[in-house]
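Here is a short report for a first look at this protein.

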Amino acid sequence: MHRSPRLRIFTGNRLELLADRLCSELGREPLAPEVPETIVVPSRGMGAWLQRQIALKWGIAASLDLPFPARFVDQLAEEFDLGEREPVDPF
């Protein structure tokens, strides 16, 4: 079943519960195999941990896009033609 893209935000202070909820949601309404699932993560380490959790639950973690928040916002702005990207402060 193919679903239309939508933004879902889950909050909490127990990562393992959030990962379980994410895995449940991914299994409930999966995207087509050629469409990557976008999950915004705060760090590479968190992205790697989350991929492992998904793989443990489903046996595989493929077709995932794990951008940082700034890159995700830039992608949205570009996709909807919302203007120029802000310059990145190197510090």
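## Surface and model

The protein exposes about 7,200 Å², and carbon and sulfur atoms supply 58% of that area. Accessible areas come from the Shrake-Rupley method with a 1.4 Å probe; for residues, only the protein chains shown count as cover.

This is a predicted model, in which local features need pLDDT of at least 70, side-chain atom pairs count only at pLDDT 80 or more, and totals for chains, interfaces and linings use all residues. Residues are numbered from 1 along each chain as its sequence is written, and side-chain values use heavy atoms, with hydrogens and water left out.

## Fold

The protein has three helices and two strands. Along the sequence they follow the pattern α-β-α-β-α. Helices (H or I, at least four residues) and strands (E, at least two) are DSSP runs, numbered from the N terminus.

Of the 91 residues, 20% count as buried. Buried means under 20% relative accessible area, exposed over 50%, and partly exposed in between (1.4 Å probe, protein chains only). Among contacts (heavy atoms within 4.5 Å) with a separation of 6 or more, 65% come from residues 24 or more positions apart.

## Salt bridges

How many salt bridges are there? The count comes to five, where a salt bridge is a side-chain nitrogen of Lys or Arg within 4 Å of a carboxyl oxygen of Asp or Glu. Glu-25 and Arg-8 form one of them, at 3.0 Å from N to O. This pair links distant parts of the chain: Glu-25 lies in helix H1 (residues 15–28), Arg-8 in the segment before H1, 17 residues apart. Glu-25 is buried, because its relative accessible area is 10%. Arg-8, at 24%, is partly exposed.

Glu-25 also bridges to Arg-28, with the closest N and O atoms 2.8 Å apart. The two are three residues apart in helix H1, so about one helical turn separates them. Shared partners join Arg-8, Arg-21, Glu-25 and Arg-28 into one network of salt bridges.

Asp-65 sits in strand E2 (residues 64–65). Asp-65 is buried, at 18% relative accessible area. Its side chain makes a polar contact of 2.8 Å with that of Arg-71. A polar contact is a pair of N or O atoms within 3.5 Å; within protein, one must be able to donate a hydrogen and the other to accept it, and residues adjacent in sequence count only if both atoms are side-chain atoms.

Leu-76 belongs to helix H3 (residues 69–79). Leu-76 is partly exposed, at 32% relative accessibility.
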